Amino acid sequence: MFLLCPTDMLHVLLRQVICSGDCVVDATAGNGHDTVFLAEAVGDGGKVIAIDIQAEAIEATRQRLKESLLENRVELYQVSHADIGQYVAEGVATAIVFNLGYLPGSDRELVTQSETTLMALKASVFLLKKGGVLAVVCYPDHPGGDDEAAQVVCFLRGLENFRLAKYELLSTHRPSPFILFAWKKSNGSK
Ligand SMILES: C[S@@+](CC[C@H](N)C(=O)[O-])C[C@H]1O[C@@H](n2cnc3c(N)ncnc32)[C@H](O)[C@@H]1O
């Protein structure tokens, strides 16, 4: 058995829900690792909408997609995910992914913020299709990350018509990162 980093674990979980032809959203594109994974998962007929507030992140993601020959499956937007509703139609997304925190290798001051993360999550509830999943990787070990993580848990716990799971990776970083998976119930599911 090998140990998974949060991103690997996230991808293992997302593989269970994403099918070929799906529309999915990366709400924090960063260096493009998640976007490339999502573009592979949706296949030729699928679509990824990838968002990041930083030009550097959008460029890094564009480059990674180019190297993987996956550019044609992805729409890239340099905007805040607080405005996610302007880029995704209601009820169409199979997965909306947030990998919170800062861009690795970049300015650590430019981190996701509780207020905008919550705005984006609230909008995302309506953008998901039934049976779709809201996936959030939280990093409570950096300044402000603990408060953001607590607010995300509180918000997702309060959602009706969703089932919530938490996957925690016990790491040398304390407190450990964790993944929240919120499934939008389909008609008739418990
Ligand atoms: C941990 S990184 C994402 C890692 C990325 N998913 C990957 O695979 O490389 C977090 C990203 O969130 C972005 N971010 C911060 N605030 C944002 C906002 N309001 N809207 C969109 N992206 C934001 C940062 O610019 C940073 O690139």
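N161 lies in the loop between α5 (145-157) and β6. Helices (H or I, at least four residues) and strands (E, at least two) are DSSP runs, numbered from the N terminus. This is a predicted model: local features need pLDDT of at least 70, side-chain atom pairs count only at pLDDT 80 or more, and totals for chains, interfaces and linings use all residues. Residue numbers start from 1 along each chain as its sequence is written.

- N161 is exposed, because 11 other C-beta atoms lie within 10 Å.
- Phi of N161 is near 65°, a positive value in a residue other than glycine.
- Most residues other than glycine have a negative phi.
- L69 is found in the loop between α3 and β3.
- Phi of L69 is near 55°, again positive in a residue other than glycine.
- L69 counts as exposed because it has 9 C-beta neighbours inside 10 Å.

**The sheet**

- Seven strands form an open sheet with mixed pairing, in the order β3-β2-β1-β4-β5-β7-β6.
- β3 (74-78) and β6 (162-168) stand at the edges with a single partner strand each, so one side of each has no neighbour in the sheet.
- From one strand to the next, the twist averages 15°.
- Two strands pair if DSSP finds at least two bridges between them.
- β1 and β4 run parallel and are joined by four bridges. V24 has A95 in β4 as its bridge partner.
- β4 and β5 also pair in the parallel sense, over six bridges. V97 has A135 in β5 as its bridge partner.
- β6 and β7 pair in the antiparallel sense over seven bridges. A165 stands opposite F181 in β7.
- In β4, seven of its seven residues are buried.

**The helices**

- Helix α1 spans residues 6-15, and its P6, L10 and L14 are buried.
- They cover an arc of only 70° around the axis, which puts them on the same side of α1. The arc is that of the directions from the helix axis to the C-beta atoms.
- The face of α1 turned away from that buried side carries the exposed residues V12 and R15.
- The buried residues of α1 pack against α2 (33-42), β4 (93-99), β5 (128-138) and β7 (178-184).
- Contact here means that the C-beta atoms of two residues, placed from the backbone, lie within 7 Å.
- α2 lies across β1 (23-26), β2 (47-52), β3 and β4, and runs at about 170° to β2.
- Helix α3 (residues 55-67) lies across β2 and β3, and runs at about 165° to β3.
- Axes are lines fitted to C-alpha atoms, for helices over the stretch in contact, and angles run from 0 to 180 degrees between N-to-C directions.

**A182**

- A182 sits in strand β7.
- A182 is buried because 24 other C-beta atoms lie within 10 Å.
- Not counting residues up to four places away in sequence, A182 touches V133, L134, L156, L159, F162 and L164.

**Around the ligand**

- Of the 21 residues around the ligand, T28, G30, N31, H33 and L103 come nearest.
- A residue is near a molecule if its C-beta atom, placed from the backbone, lies within 6 Å of it.
- α2 and β2 each supply at least two residues of this shell.
- The shell divides into seven nonpolar, twelve polar and two charged residues.
- Ala, Val, Leu, Ile, Met, Phe, Trp, Tyr, Cys and Pro count as nonpolar, Asp, Glu, Lys and Arg as charged, and the others, Gly among them, as polar.

Terms used. Buried ≥ 20, exposed ≤ 12 C-beta atoms within 10 Å, placed from the backbone.
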